[in-house]
Amino acid sequence: MRIERNMNRKGISFLIVVGVLLVLMFTGCSLQEKEEEKHDEILHDNVIITETGEVIDKEPVLQETPEATAMPEVVEIDAEMLVEPEQEQVISEEDQTEPQGKELQLVFLGDSIFDTYRDGTGIPYRTAVECDADVYNLAIGGTCAAVAGDEQIGLEEWTSRSMVGIVNAVAKKIPTDIFVNDTAKTILDNPNIDFSKTDCFIVEYGMNDFLSATPLDNKDQFYDVKTYAGALRYAVATLKGVAPDATIILCSPTYAQFYNGSWMIGDGNSVNNGYGTLFDYKGICEYVAGEQQVFFFNAYQDLGINGYTAEDYLEDGIHLTDEGRQIYADALAKAILSYEEEKNN
């Protein structure tokens with residue numbers, strides 16, 4: 001009996017051991033299958049298997065980091081800290097002041113972005129060459145679109161050399177005496193130039209309006225020429241009166257970086273002058289263009305000038321290098337030719 005009992009116990013123990021081994025074996029197989037499935041998933045996510053069975057590694061996909069998509073911190077500073085770097089104007093015989101009989105006539109209005117280089121490397125000249133057009137550059141460095149708060153705006157005692165002053169002179173509403181030290185006066189006074197035959201007015205302002213802390217808009221006065229938006233509206237209306245069939249292009253300011261000596265204050269996305277950032281001035285320009293049903297040229301975002309490329313495209317944080325002026329002219333000429341093609345079809 002004792003022997004039989006021992007045998008039964010041994011048999012039961014044997015069965016338990018076998019059972020445990022079987023459980024471990026099946027569990028191990030299951031885990032192995034899951035690991036293989038997981039491996040297959042990883043394999044297929046990171047490689048390409050061709051029809052011949054060749055395995056090729058995929059290029060890694062870079063995910064945007066939170067730092068890359070985060071909005072810049074806006075810093076409001078005293079407008080007196082924002083100063084346009086001085087540049088010496090370069091003028092040569094390439095600067096056109098007489099008609100040459102080209103099919104297209106382009107008239108440029110703007111600040112130093114258009115005015116400084118009048119030597120064949122400036123944006124207006126390069127654009128005209130690509131468009132095979134006569135070009136008249138009425139830009140004046142350092143000027144705003146808007147009339148400054150202390151300037152006279154009565155037509156009889158006008159004192160502003162702003163964009164508003166230029167369009168008034170083009171429309172012959174004011175004398176040209178206030179432009180006596182500017183190349184623009186030579187063009188404005190030339191009886192051989194007929195602005196009513198202009199095919200395209202290219203209007204580029206906003207940088208100095210930002211630097212001067214010009215208010216963005218006046219909700220109570222649509223054509224308030226002492227605001228950026230009001231001045232743009234006034235210019236569009238006046239130029240349409242001069243040449244009703246002309247294309248009008250409003251160009252936004254370009255991306256910029258601002259310095260106080262050797263110390264960088266911030267850029268167009270982060271520095272607030274009390275009314276907004278430079279990017280906000282770009283936004284107002286775009287808004288007015290849509291509102292007035294004229295063309296908008298987004299020089300701020302579409303030229304590839306940003307914090308990563310500033311060293312290549314910006315001379316001093318604001319003004320454009322030769323390469324920067326070339327990409328601007330290329331893009332602008334392409335847009336003008338496209339507009340003219342649409343107009344003629």
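Student: How far is the sulfur of Cys200 from the closest cysteine sulfur, and in which residue is that?
Tutor: The closest cysteine sulfur is in Cys131, 8.1 Å away, which is too far for a bond. A disulfide is a pair of cysteine sulfur atoms within 2.5 Å. This is a predicted model, in which local features need pLDDT of at least 70 and side-chain atom pairs count only at pLDDT 80 or more, while totals for chains, interfaces and linings use all residues. Residues are numbered from 1 along each chain as its sequence is written, and side-chain values use heavy atoms, with hydrogens and water left out.

Student: Is Cys200 buried or exposed?
Tutor: Cys200 is buried, at a relative accessible area of 1%. Buried means under 20% relative accessible area, exposed over 50% and partly exposed in between, with a 1.4 Å probe and protein chains only. Cys285 is buried too, at 1% relative accessibility.

Student: Changing topic: how do H4 and H11 cross?
Tutor: The axes of H4 (residues 123-131) and H11 (residues 322-344) come within 8 Å and cross at roughly 45°. Axes are lines fitted to C-alpha atoms, for helices over the stretch in contact, and angles run from 0 to 180 degrees between N-to-C directions. Helices (H or I, at least four residues) and strands (E, at least two) are DSSP runs, numbered from the N terminus.

Student: What is the orientation of H4 and H11 called, then?
Tutor: The two helices are oblique to each other. Angles under 35 degrees count as roughly parallel, over 145 as roughly antiparallel, 65 to 115 as roughly perpendicular and the rest as oblique.

Student: Where are they, and is each buried or exposed?
Tutor: Ala213 lies in the loop between H7 (207-211) and H8 (228-242) and is buried at 17%. Gln293 lies in the loop between H9 (278-292) and S13 (295-297) and is exposed at 75%.
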